[in-house]
Structure formats: C-alpha cells, structure tokens
Amino acid sequence: MSKNYTIITVPDPLLKQVAQPVARVDEAVRTQMDAMLATMYNAPGIGLAANQVSLLNRVLVMDISRREEGDEATPICMANPEIVWESEEISVMEEGCLSIPRQYAEVERPASVRVKYLDYEGKEAELKAEGLLSHCVQHEIDHLNGVLFIDYLSSLKRNMILRRVEKLKKQAVL
Ligand code: NI
C-alpha cells in the first residue's frame, strides 16, 4: 500500500520552482512514483508532477485510461522527461490542474510530441503522444519547469482564476 502525498495548490511558490533531474531511477524514485500514482488516482486526476507534492525532482506520472469506473489502469511513470520533437500542428483543449482546483481553461499546444524519458525500470524510453495524452504530458513537463497552464492565459484570466481559488480556500471548500 503506497502512502498518499498532499497536493499543494496555487499560490504555493514550490509550483514556480524548476525541478532537478534524478541521477537514476532507484528504489527511492520508484517508491515516489508509486505514491504519486496513488495520490493521483485518489484525487482523482490524470497526471501529477513532483512539484505538486512538494518534491523538486523531475518525476511525473500519468494515466488517461481511467475515464470510466472499472477501466483498467495503464499508468505511465517518467523520470527526466524531455520533449525531443513537437508537431507544427496545434491543438486546443480545455485543461485543469489538481494544483488549481475546479478551474478550467482552453490551452493551445503542439498537437503531438515525442518525449524521451527514463521509465519505472530506469530504462530509456520514448513516448509519442497526441490528443489528450499530448496535452497531459506537456502540462506535466511544464510543472517540472515551474510553469502552470494559467501562465498561457491573459493576466486578466489568470488573476480571475487565482482569485476564485483563493475564495474557495477561504470558504474551506478545498
Ligand atoms: Ni497540473
């Protein structure tokens, strides 16, 4: 049974920090990946980056498969992910974030990307992603660089979202 982490929310300054590469995927990193997956499923969410659980190493987890109750889980764990190719074609999709609860906005990103990373076993792997998975992996890699999806919005929209989260927190809804 994996422990659950606490997910931090805006405006926590850790979300603006750049995470550092891991030297290798060892038992400690695997334990972290397991706990991040458990935390993500519990939230529930489809992606989680280390910064969001107050860890500043370049580790992220995703699973876009569990759209319906009972769907089989197909987790993807990445260490040191790096986008090595992105399409010129653009995709616009509504995104949300566990660190910006209950807020959603359309974000424009390259429609497909190829990502190199170290997998759960510590082996070099590559993922070609499009659609939701492409948005998800780019969103999570952004987290490792201290970037949030609201950073792509106008300052007017961004501030509106930040104020709404602040209000939710005051009402102790979160
Ligand atoms: Ni996020």
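1. Helix 2 has 14 residues and spans 21 Å from first to last C-alpha, close to the 20 Å expected at 1.5 Å a residue (the expectation is 1.5 Å times one less than the number of residues; helices are DSSP runs of H or I with at least four residues, strands runs of E with at least two, numbered from the N terminus). This is a predicted model, with pLDDT of at least 70 needed for local features and 80 or more for side-chain atom pairs, while totals for chains, interfaces and linings use all residues. Residues are numbered from 1 along each chain as its sequence is written, and side-chain values use heavy atoms, leaving out hydrogens and water.

2. Helix 2 is mostly covered, with twelve of its 14 residues buried (under 20% relative accessible area with a 1.4 Å probe, protein chains only; exposed is over 50%, partly exposed in between). Among the buried ones are H139 and H143. After the helix comes G146, with a positive phi near 75°.

3. Now the metal: C97 (SG), H139 (NE2) and H143 (NE2) are the protein donors of the nickel ion, at 2.1 to 2.3 Å (donors are N, O and S atoms within 2.8 Å of the metal, or 3.2 Å for Na, K and Ca; water is not among the atoms, so sites may look incomplete). Their spacing in sequence is C-x41-H-x3-H. C97 in strand 4 (residues 90-97) and H139 in helix 2 (residues 131-144) link distant parts of the chain, 42 residues apart. Both C97 and H139 are buried.

4. Strand 2 (residues 59-62) is covered on both faces, by burial of V59 and V61 on one side and L60 and M62 on the other. Strand 2 pairs antiparallel with strand 1 (residues 47-49) over three bridges (pairing takes at least two DSSP bridges), and G47 stands opposite M62. Four bridges join strand 2 to the antiparallel strand 3 (residues 76-86), where A79 faces V59.
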